[in-house]
Amino acid sequence: MKKIAILASGEGTNAENIICYFQQRKTAEVVVVFANKQHIGVFQRGEKLGVEVKFIPNSDFTNGVALKELQKYNVDFIVLAGFLYKLPEEILNAYPDKIVNIHPALLPKHGGKGMYGLRVHASVIADGDNESGITIHYIDNNYDRGTNIFQAKCIVKPDDTPESLAQRVHKLEYKYFPVVIEAVLLGTPICQIK
């Protein structure tokens, strides 16, 4: 069974959803969550599901400690779930095509450094887009530029606020992120995901 590490920087709702999914499916296992901030919701969410959540400061990602921790847990695959720090080359090289991220818009639009959370939804609305959604993609050393794996769409309503649009996008995240991760791990064709 493949071993997954989740990296998170916030409340951890996607992390919680992914952990629950794999605890039920038994096709892979989330063995650890790394949080680069202290006193955030992901600690409680992970621990209540029996998954260790470790604080790994940003400096430990750049000085090699994080990579050693990933290796200590025999991690095969890394999932970024609201993780707001650019991974160094050392980790990217150790996990080629084995690190995925989810972005709350249809890349390549509304991506790049500083584009996360409500900022993304505000940008979608400001540009007058009539649809938004999610993009699940591999990561490389450029923000939101890695190869796209999967996209799902939702409409942008004329009276949307960043918060109301975020709610619809979150539903897509919860529905598809675990399923796409599983498909990538098992080699299932992404085109079969509905």
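**Naming first.** I take helices (H or I, at least four residues) and strands (E, at least two) as DSSP runs, numbered from the N terminus. I also keep in mind that this is a predicted model.

**Loop between β2 and α2.** I looked up H39, which sits in the loop between β2 (28-35) and α2 (41-48). Its phi is positive, about 60°, although H39 is not a glycine. I flagged it because most residues other than glycine have a negative phi.

**Loop between β5 and α6.** Which peptide bond is cis here? I found the one from L107 to P108, with omega near 15°. P108 belongs to the loop that runs between β5 and α6. I noted this one too, as most peptide bonds are trans.

**The sheet.** I traced an open sheet of 7 strands with mixed pairing, in the order β3-β2-β1-β4-β5-β6-β7. β3 (53-55) and β7 (148-155) are the edge strands, each with a single partner, so one side of each has no neighbour in the sheet. I then zoomed in on β5 and β6 (residues 131-138), which pair in the antiparallel sense over 4 bridges.

**Helix α7.** I counted 25 residues in α7, reaching 35 Å from the first C-alpha to the last, close to the 36 Å expected at 1.5 Å a residue. Where does α7 kink? I place a kink of about 35° at Y176, shortly before the proline P178. After α7 comes G187, with a positive phi near 75°.

**Largest pocket.** I read a volume of about 880 Å³ for the largest pocket. Its lining takes in 38 residues, with G82, F83, L84, I102 and Y116 nearest the centre. Two or more lining residues come from each of α1 (13-25), β5 (99-103), α6 (118-126) and α7 (162-186). Which element gives the largest share of the lining? My kinked helix, α7, does, with 4 residues. Sorting the lining by class, I have 17 nonpolar, 15 polar and 6 charged residues.

Notes:
Residues numbered from 1 in each chain as written. Predicted model: local features only at pLDDT ≥ 70, side-chain atom pairs only at ≥ 80, totals over all residues. Heavy atoms only, no water. 1 Å grid on protein atoms, 1.4 Å probe; cavity = no way out; pocket = protein on both sides within 12 Å on 5 of 7 lines; lining within 4 Å. Points joined across faces, edges and corners; volume = space filled by probe spheres on them. Nonpolar A, V, L, I, M, F, W, Y, C, P; charged D, E, K, R; others polar. Expected span 1.5 Å × (residues − 1). Bend = angle between axes of the 7 residues up to and from the residue. Pairing = 2+ DSSP bridges.
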